[in-house]
Amino acid sequence: MTSAHSKLYSDDVSLVVVVVDTNPFFWAAAALPFADFFAHLIHFVNSILLLNHLNRVVVIAAGVSSCAYILDSSDASPSGGVGVSDTFDKASRKAEEFIAQDARATAANSSVASANAASLLSGALSLALCYIQRIFRSGTRHPQPRILCLQGSPDGPEQYVAVMNSIFSAQRSMVPIDSCIVGTQDSAFLQQASYITGGVYLKPQELNGLFQYLAVFLS
């Protein structure tokens, strides 16, 4: 996206692409169960949609061996007979299916060390940027785009070049990358991503009140 694109933004309409870390090795040891975490996420997504019925939220799952879209709020079209609650239920099922599929792929990969397995942040960021660019090409007026990364597992050093390429692509396209760290370790990748793109970097102290921290990204 060039500077010309920015003049075509719809100021009050947002496009938020959320990257969710579904790494089973991280969640197996996390203090907050993944189901509870996902409930906080759905509450956050619903809050974005309530702010403006034209807002759009997309959720991408980042596993150890793969990544995939698991929610697109544009599917919740009243005229199409698909309600928001149905869309969220479908997202929960798709998340479960994705985690199971990714676990099978990971189990078949003997090179993955479970103790320090990283999620595919680089692939998820690429999917997020591709989705945003597709929206930019689809019409003359564009929503304000942001990417929010919810990460718990450690950075994968082998992904450094690919992650940095995505960060610089987001910077050129004026897409801020927000980061919310739900693990015990800070993420050097996402610290750079948020700093370079003008996003917000946050590491909550208490995950049980996660939605209150996510509310920071609603403003």
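**Terms and values**

Analyst: The chain exposes about 10,500 Å², of which carbon and sulfur atoms supply 55%; accessible areas come from the Shrake-Rupley method with a 1.4 Å probe, and for residues only the protein chains shown count as cover. This is a predicted model, in which local features need pLDDT of at least 70 and side-chain atom pairs count only at pLDDT 80 or more, whereas totals for chains, interfaces and linings use all residues. Residues are numbered from 1 along each chain as its sequence is written, and side-chain values use heavy atoms, with hydrogens and water left out.

User: Why does Met174 count as partly exposed?

Analyst: Buried means under 20% relative accessible area and exposed means over 50%, with partly exposed in between (1.4 Å probe, protein chains only); Met174 has 38% relative accessibility, and therefore counts as partly exposed.

User: What is the phi of Met174, and where is its place in the chain?

Analyst: Met174 has a positive phi of about 60 degrees although it is not a glycine, and it lies in the loop between helix 6 (160-172) and strand 5 (177-181). Helices (H or I, at least four residues) and strands (E, at least two) are DSSP runs, numbered from the N terminus, and the chain comes to 8 helices and 6 strands.

User: How much of the chain is buried?

Analyst: Of the 219 residues in the chain, 47% are buried.
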